[in-house]
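Work through each task before you read its solution.

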Amino acid sequence: MSLSKDAGHLLRFAYLFVIAFVVFLVIRHFVVPKTFGEYGHYRGSAIAEIASRPMHFAGHEKCETCHTDIAEAKKAGKHEHVSCEACHGPLAQHADDPSIQPAKINTTVLCIRCHAESAAKPGIFPQIDPVQHSGGVPCETCHQPHNGL
Amino acid sequence: MNIDRRHFLVMLPAAAIAWKYVLAGTPEESPNYTKTDHWWSMLIDIPKCIGCGNCVRACAAENDVPDGHFRTWVERYHVTDWHLANPEVISPDGGKEGFPAVAKSAGGEEGFSATPEDAGKYFFVPKLCNHCEDSPCTQVCPVGATFISPDGVVLVDQTYCLGCAYCVQACPYGCRYIHPTKQVADKCTLCYHRITKGLTTACCEACPTGARQLVDLKDPNDPIHAYLKTHSVQVLKPQMATGAKVFYNDMDGSVR
């Protein structure tokens, strides 16, 4: 008898702890995202969200499904392994809807990004001095960019 | 069906495990992609890099990277003698618009009077997140907003990130930044939205010389395995023990 009487104040304290713990569990249930801990200490569904971001580059495989003639021409030249969008820019929109036409390329700017002469570039890479070589004449006047001649 | 207490106790843990799978629900839509079948990384072939900046522009276009911040960037090193600890490094606007030309001929313009041999060596080093196996950046996150995905890509959950920037400080490679408008950490995702659909990253797609190659270390048919057996390959800052897995071929000792 005397034991339970003495333990009364301890039990009341213990009930308080139990209630606080239950409240904590309830709040935790609503606050922690459902997929948290699915793979580790993070929100598992974040992976799928990041994977579903929109693309801007279609990838050269997609270009080649329609532009077979260009893909064929490229095989003959030094630009064989240069992807379409390396020069033409991101064109996923055009790939999804061919009526969206890409902007015309200014070769006097584009070509020299790679081929302007610089001692810092690897020696085996073909380089020209843009001023002496053409003096501002568009590159495609003489060269065929798709087969790199 | 009669179940005595002994059997009931034996079945409890099994039921708990089964209930966990019920709660997890069905896996998200990714029909032909199994995360555990991949371990992504990248190979960078320094002698092939011409410093055109195509990768930097492609990355910015693909991932809407704000101006002045970079998920990938290119540095140009200039080493003249034995002082490997003090190379001259430039990266104007991350190399987005290329690099200033270096005159080739002796007595050339722009104050270059020496021959290229005397002027020392130049080379370009493209940089990006190393997608470390033991990444310091994911370890310091206080809320679990950044993590290594089951396929080896270090990602940021931007809906969960607080923007405290601990991870920005923790990365020894300077690969993270706080997005100026979203106010959360942002970094290279290795174009996770592309590689999970069988495409390569935007930077690899745009690289004209093949200096950057996406690599799947878990794919036994990936050419990386033959490449690593026959080339001198390094990672950046191996002394940091981050398990970096962006491999650099033929990298000079001055690269930091």
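**Exercise 1. Find how chain A is divided, and how far apart its domain centres lie.**

Step 1: chain A splits into domain 1 (2-51) and domain 2 (60-141), with bounds taken from an automatic or database domain assignment.
Step 2: the C-alpha centres of these two domains of chain A lie 59 Å apart.

A word on conventions: this is a predicted model, in which local features need pLDDT of at least 70 and side-chain atom pairs count only at pLDDT 80 or more, while totals for chains, interfaces and linings use all residues. Residues are numbered from 1 along each chain as its sequence is written, with chains lettered from A and ligands numbered from 1 in the order in which they are written.

**Exercise 2. Describe the side of chain A that touches chain B.**

Step 1: count the contacts (C-beta atoms, placed from the backbone, within 7 Å). They involve 34 residues of chain A and 40 residues of chain B.
Step 2: look for elements, where helices (H or I, at least four residues) and strands (E, at least two) are DSSP runs numbered from the N terminus. Those giving two or more residues to this side of chain A are α2 (45-51), α5 (84-88) and α7 (107-115) of chain A.
Step 3: the largest share, six residues, comes from α2(A).
Step 4: sort by class, with Ala, Val, Leu, Ile, Met, Phe, Trp, Tyr, Cys and Pro as nonpolar, Asp, Glu, Lys and Arg as charged, and the others, Gly among them, as polar. This side of chain A has 18 nonpolar, nine polar and seven charged residues.

**Exercise 3. Work out how α2(B) is placed, buried or exposed.**

Step 1: call a residue buried if 20 or more other C-beta atoms lie within 10 Å of its own, exposed if 12 or fewer, and partly exposed in between, with C-beta atoms placed from the backbone.
Step 2: nine of the 10 residues of α2(B) are buried, so this helix is largely enclosed by the rest of the structure. Among them are B:Arg57 and B:Glu62.
Step 3: the buried residues of α2(B) pack against α5 of chain A, together with β2 (72-79), β4 (121-128), α6 (202-206) and β9 of chain B.
Step 4: after the helix comes B:Asp64, with a positive phi near 50°.

**Exercise 4. Trace the largest nonpolar core.**

Step 1: such a core is a set of buried Ala, Val, Leu, Ile, Met, Phe, Trp, Tyr and Cys residues joined through C-beta atoms within 7 Å.
Step 2: the largest one has 70 residues, and B:Cys59, B:Leu155 and B:Cys203 have the most contacts inside it.
Step 3: α2 (residues 54-63) of chain B gives the most to this core, five residues.
Step 4: leaving aside neighbours within four places in sequence, the contacts of B:Cys203 include B:Cys55, B:Ala58 and B:Cys59.

How values were computed:
Two residues are in contact if their C-beta atoms, placed from the backbone, lie within 7 Å.
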